[in-house]
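Okay, thanks for coming, everyone.

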Amino acid sequence: MVDVKIYTDGACRGNPGPGGWGALLIAGDTRKELWGGESPSTNNRMELTAAIRSLEALKRRCSVALYTDSKYVMDGIREWLPNWKKRGWKTADKKPVKNQDLWQVLDALVAGQDIEWHWVKGHAGHEGNEYADMLANRGIDEML
């Protein structure tokens with residue numbers, strides 16, 4: 001049984017440029033909205049930050065269904081991360097992993113939760129994803 005559903009999104013106006021992240025957490029009848037911004041940033045950094053901040057908000061170990069529209073986050077978590085760690089945070093072509101600082105934080109947070117990762121198509125009418133996108137854009141707007 002899932003304790004918490006989390007919808008995350010990142011946004012950037014320019015890449016790099018002003019960036020924002022948003023997350024919607026739903027546990028039963030309780031909803032929590034999180035958002036913030038950073039400039040300059042990149043879309044990938046904001047996608048990672050949304051996942052990180054949402055998991056940091058959990059007060060205990062939970063069964064989580066986390067929804068993202070980021071292939072970068074999904075591929076990183078499911079495929080790339082174990083090999084990056086084995087290679088000392090190097091890519092297959094021996095280059096430093098981009099956003100290593102955020103990947104390491106996310107990796108540690110993931111270890112403390114039971115997470116099912118779900119990819120959803122962005123800007124396709126998925127209610128939770130659209131809401132997270134709105135929060136990410138709020139993060140940019142409030143920073144500017």
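Salt bridges, then: searching the whole structure turns up 7 of them. Keep in mind that this is a predicted model. Take R60 and D3, whose side chains meet at 3.9 Å, N to O. D3 is partly exposed, at a relative accessible area of 26%.

Next one: K85 with D107, where the closest N and O atoms are 2.9 Å apart. K85 sits in helix α2 and D107 in helix α3, so this bridge ties together parts that are 22 residues apart in sequence. K85 is partly exposed, with a relative accessible area of 41%, while D107 is buried. There's also a salt bridge between the side chains of D93 and K95, at 3.8 Å, N to O. As a reminder, side chains of opposite charge can pair when their charged atoms come close.

D107 gets us to α3, so let's stay there for a bit. Helix α3 covers residues 100-111, and its 12 residues reach 17 Å from the first C-alpha to the last, close to the 16 Å expected. Which residues of α3 are buried? Those are L102, W103, L106 and D107. Look down the helix axis and the buried residues of α3 fall within an arc of 140°, so they line one face. Over on the other side of α3, A108 and A111 are exposed. As for what the buried face packs against, that's α1 (43-56), α2 (71-86) and β5 (114-119).

Leaving aside residues up to four places away in sequence, L106 touches L48, A51, I52, L55, I77 and W117. L106 also belongs to the largest nonpolar core, which has 30 residues; the members touching the most others are I6, L25, L58, W103, L106 and W117. Who supplies this core? At least two residues each come from β1 (4-12), β2 (17-27), α1, β4 (63-68), α2, α3 and β5. Apart from that lies another core, of 6 residues, with Y7, L24, A65 and A132 among them. The general background: in soluble globular proteins, nonpolar side chains tend to be buried together.

Now the strands. In β2, 9 of the 11 residues are buried, so β2 is largely enclosed by the rest of the structure. β2 pairs with β1 in the antiparallel sense over 8 bridges, and C12 stands opposite G19 in β2. Their hairpin has 4 residues between the strands, and G14 there takes a positive phi near 95°. On to β3, residues 30-41: β2 and β3 pair antiparallel as well, over 10 bridges. Here G17 stands opposite S41 in β3. This hairpin has 2 residues between the strands, and G28 takes a positive phi near 60°.

Last stop, S54, which lies in helix α1. Is S54 buried or exposed? Buried, with a relative accessible area of 0%. S54 and A23 are 31 residues apart along the chain, yet their C-alpha atoms are separated by 6.1 Å. Not counting residues up to four places away in sequence, S54 touches I6, T8, A23, L25, L34 and L66.

Okay, that's my tour.

Technical notes:
Residues are numbered from 1 along each chain as its sequence is written. This is a predicted model: local features need pLDDT of at least 70, side-chain atom pairs count only at pLDDT 80 or more; totals for chains, interfaces and linings use all residues. Side-chain values use heavy atoms; hydrogens and water are left out. The expected span of a helix is 1.5 Å times one less than its number of residues. Buried means under 20% relative accessible area, exposed over 50%, partly exposed in between (1.4 Å probe, protein chains only). The arc is that of the directions from the helix axis to the C-beta atoms. Contact means heavy atoms within 4.5 Å. A nonpolar core is a set of buried Ala, Val, Leu, Ile, Met, Phe, Trp, Tyr and Cys residues joined through side-chain atoms within 4.5 Å. Two strands pair if DSSP finds at least two bridges between them. A salt bridge is a side-chain nitrogen of Lys or Arg within 4 Å of a carboxyl oxygen of Asp or Glu.
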